[in-house]
Amino acid sequence: MMLAFTIQRLIQACGLMLTVALIAFTMFQFVGDPIDGMLPESATQLERDQLREKLGLNDSVITQYGRFVGNIAQGDFGISYYNKMDVLNLILERLPATLELVFVAVIISLLVGLPAGVWVSLSRNKWMTSLVQTVSLIGVSLPSFIAGIVLIIVFSVWLGWLPSHGRGDIVEFGWWSSGLFSQSGWASIILPALSLALFMITMIMRLVRSEMKEVLRTDYIKFAKARGIKQRSINYTHALRNSLLPVITIIGLQIGGLIAFAVVTETVFQWPGMGLLFIQAVNYVDIPVISAYLVFISLIFICINTLVDILYRVIDPRLKTADR
């Protein structure tokens with residue numbers, strides 16, 4: 001049953017990626033003639049016709065779509081109109097910065113959101129819990145670009161503690177680069193990571209709170225109390241452990257969301273990641289980069305969602321039982 005479920009999810013993932021590829025291909029067809037962006041205005045009609053034939057633009061739409069999908073499968077996204085570079089190399093050059101930002105944002109979210117959610121669910125101080133929940137509502141409602149601007153004003157302009165833009169000093173590891181091995185790199189990543197993590201912190205906190213309260217009302221928790229098991233053990237060994245399944249799912253889904261929607265945060269903090277590259281591509285109507293970004297982000301989304309579905313099924317035995 002597990003093998004069949006995995007195969008089914010993989011087939012669905014392939015279908016979704018073909019749909020995304022169709023959307024990206026449609027952008028090439030209707031946004032404009034790529035020849036205009038690749039040749040100067042002084043180019044002759046013969047030069048335009050030769051380039052059109054070389055790129056295969058005279059073929060049928062179905063043939064072009066098949067070739068487009070085949071090229072994507074080989075990692076060939078074409079040449080950037082603006083940067084005049086291979087699009088895949090541009091994406092891979094910016095990928096470490098985005099993944100590093102998302103990684104730190106997720107760590108901050110877990111370190112703050114999980115303990116806060118457990119404390120709110122167990123605390124008997126109604127005034128403090130109400131205050132924390134009110135703050136969490138503000139965190140959920142506050143747009144990330146406003147949060148980023150506020151953080152810059154407070155910590156960069158007023159206090160002067162942290163830089164307001166850039167990535168700091170980076171260390172190269174082959175094609176991978178990281179700022180987490182330098183002091184300026186850590187100083188530069190704190191504000192954008194915190195801005196990106198605010199929504200996820202409040203969401204995790206509220207989810208853990210609701211799940212903990214629901215689990216603490218179940219019969220097996222009452223039975224554990226009747227057996228004389230210590231309250232601390234009940235709270236953290238039984239209740240919290242069984243509350244983490246939906247949290248795992250949400251975290252997995254939100255990682256894809258953080259990668260996709262880091263566009264705003266990277267723009268506010270001028271963080272040199274894929275999001276900033278996408279904004280620059282939109283400004284210059286760089287269709288190969290825009291479509292490659294769409295395909296790449298969709299691939300990350302689909303892979304993470306598929307992996308979360310499979311892991312959730314492995315972790316929760318009730319889902320296996322339900323299929324029998």
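In the predicted model, R167 counts as buried because its relative accessibility is 9%, below the 20% limit that defines burial. E100 likewise falls in the buried class, with a relative accessibility of 5%. These two residues form a salt bridge in which the closest N and O atoms are 3.5 Å apart. The pair joins distant parts of the chain, since R167 lies in the loop between helix 7 and strand 1 whereas E100 belongs to helix 5 (residues 87-122), a separation of 67 residues. The structure holds one salt bridge, and the pairing of R167 with E100 accounts for it.

E266 is buried but takes part in no salt bridge. Side chains of opposite charge can pair when their charged atoms come close. For E266, the nearest side chain of opposite charge is that of R94, at a distance of 6.5 Å, whereas the salt-bridge criterion requires a separation within 4 Å. A polar atom of the E266 side chain lies 2.6 Å from the backbone nitrogen of G275. When residues up to four places away in sequence are set aside, the residues touched by E266 are T98, L101, W271, G273, M274, G275 and L276.

E211 is found in helix 8 (residues 183-216). With a relative accessibility of 19%, E211 counts as buried, the limit for this class being under 20%. Apart from neighbours within four places in sequence, E211 is in contact with S243 and P246.

On the surface, a nonpolar patch is formed by I138, L142, F145, I146, I149, V150, I153, V157, W158, L159, W161 and V264. Together, these residues present about 1,200 Å² of accessible area. Helix 7 (residues 144-158) provides the largest share of the patch, with seven residues. Among the other members is W161, which is placed in the loop between helix 7 and strand 1 (171-173). W161 counts as exposed because its relative accessibility is 60%, above the 50% cut-off for that class. The loop between helix 7 and strand 1 therefore carries both the exposed W161 and the buried R167.

Technical notes:
Residues are numbered from 1 along each chain as its sequence is written. This is a predicted model: local features need pLDDT of at least 70, side-chain atom pairs count only at pLDDT 80 or more; totals for chains, interfaces and linings use all residues. Side-chain values use heavy atoms; hydrogens and water are left out. Buried means under 20% relative accessible area, exposed over 50%, partly exposed in between (1.4 Å probe, protein chains only). Lys and Arg count as positive and Asp and Glu as negative; His and the chain ends are not counted. A polar contact is a pair of N or O atoms within 3.5 Å; within protein, one must be able to donate a hydrogen and the other to accept it, and residues adjacent in sequence count only if both atoms are side-chain atoms. Contact means heavy atoms within 4.5 Å. Patches are made of residues with over 30% relative accessible area and no salt bridge: like charges are joined within 9 Å, nonpolar side chains (Val, Leu, Ile, Met, Phe, Trp, Tyr) within 5 Å. Accessible areas come from the Shrake-Rupley method with a 1.4 Å probe; for residues, only the protein chains shown count as cover. Helices (H or I, at least four residues) and strands (E, at least two) are DSSP runs, numbered from the N terminus.
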